[in-house]
Amino acid sequence: MTSPETTPAVQGKKKNLLIRRLRVVDLVFEVVDARCPVSSRSPLVRQLVKHKQQILILNKADLADPQATGRWLDYFAATGITAVAVDSRQGSGFRELWGHLAGYESELKKRLEEKGRLARELRTAVVGIPNTGKSSFLNRLVGRRTAATGDRPGITKGPQWVHLKGRISVLDTPGVLPPQIKEGDVFKLISIGAVDYIEYEPERVGEQIINFLEENYPENIAKYLGTSREGPLTLEILARHKNFILPEGMPDLHRTAGYLIKLFKNGKLGRVTFELPA
Ligand SMILES: Nc1nc2c(ncn2[C@@H]2O[C@H](COP(=O)(O)OP(=O)(O)OP(=O)(O)O)[C@@H](O)[C@H]2O)c(=O)[nH]1
Ligand SMILES: [Mg+2]
């Protein structure tokens, strides 16, 4: 079923509005989930930020496998993409981010001076697919600064600029972008809460999560699910272990899958990263 908010016409309108808002922005923070920093990028971003600078924010780094995050940072550095791993809840990684921003700010100043133009603030904006932590990131960036000022004189509605430290400002509303839904990535997007599992077969997603953990983080299964390690875990075994049994005595796989997905979303299955650089 398609809700009115997700019809192509509405999405098209939203996209155009976002493009218009981003027109005056110099630098875009794309907030992705550090647990799957590639499949949580939006295909739209490339189109939106074609001529802009970009910083990739690997958010929720506290939920990701730290070794994997290190590999991703090396990978992005090697491909010329500025990427910073952060935890927007606790604030780690933001000191490094401010260092990058100071660099971009002085670069802009130099560029404007060379062109003989007046100095102005470095304008930034936050974008990303649902639930990656865009609002948390923005709040952390803004801190207690609440002095939002109007976009342009005479316009009272629409996004506001918040002035940050130095000569940097950020749009007060993050842009929500659609995720790229590739068949093999759906279970990751569901696990990070970017896509609603109800629209997919939860049992299949549950199996995929279990298979992924079995293959990559078997120690997390024992530690966080408390099942015995006598053979590979299945959704059915987990259902029985949790006593999720239907009145007819069959294991409730639907409920078990929902339970697993919820654990994942809340980071209760340990630190895990779904994908590694090639
Ligand atoms: N552990 C952890 N949780 C985080 C982090 N950043 C955000 N969260 C949590 O992730 C959930 C979503 O965060 P939001 O900031 O609302 O994400 P959003 O991208 O603005 O979400 P939408 O506006 O719905 O697209 C919330 O429960 C946050 O508390 C982080 O760095 N680490
Ligand atoms: Mg938000």
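A residue counts as exposed when its relative accessible area is over 50%, as buried when that area is under 20%, and as partly exposed in between. The model described here is predicted.

**Strands**

- Strand E2, residues 53-59, is mostly covered, with six of its seven residues buried.
- Strands E1 (residues 27-33) and E2 run parallel and are joined by seven bridges. Phe29 stands opposite Ile55 in E2.
- E2 also runs parallel to strand E3 (residues 82-85), to which four bridges join it. Leu58 has Ala85 in E3 as its bridge partner.
- From E2, the chain passes through helix H3 (residues 66-78) to E3 in a right-handed β-α-β crossover.

**Salt bridges**

- The count of salt bridges comes to seven.
- Arg41 and Glu30 form one of them, with their closest N and O atoms 3.1 Å apart. Arg41 lies in the loop between E1 and helix H2 (44-48), and Glu30 lies in strand E1, eleven residues apart. Glu30 is buried, at a relative accessible area of 0%.
- Arg204 forms a salt bridge with Glu183, and their closest N and O atoms are 3.0 Å apart. Arg204 is in helix H7 (residues 202-216) and Glu183 in the loop between strand E8 (175-176) and helix H6 (186-191), so the pair ties together parts 21 residues apart in sequence.
- Glu183 has 58% relative accessibility and therefore counts as exposed, whereas Arg204, at 40%, counts as partly exposed.
- Asp185 and Lys188 form a salt bridge, with the closest N and O atoms 3.2 Å apart, and both residues are buried. Together with Glu275, Asp185 and Lys188 are linked in a network of salt bridges.

Key
Residues are numbered from 1 along each chain as its sequence is written. Chains are lettered from A and ligands numbered from 1 in the order in which they are written. This is a predicted model: local features need pLDDT of at least 70, side-chain atom pairs count only at pLDDT 80 or more; totals for chains, interfaces and linings use all residues. Side-chain values use heavy atoms; hydrogens and water are left out. Buried means under 20% relative accessible area, exposed over 50%, partly exposed in between (1.4 Å probe, protein chains only). Helices (H or I, at least four residues) and strands (E, at least two) are DSSP runs, numbered from the N terminus. Two strands pair if DSSP finds at least two bridges between them. A crossover is right-handed if, with the strands pointing away from the viewer, the path from the first strand over the helix to the second runs clockwise. A salt bridge is a side-chain nitrogen of Lys or Arg within 4 Å of a carboxyl oxygen of Asp or Glu.
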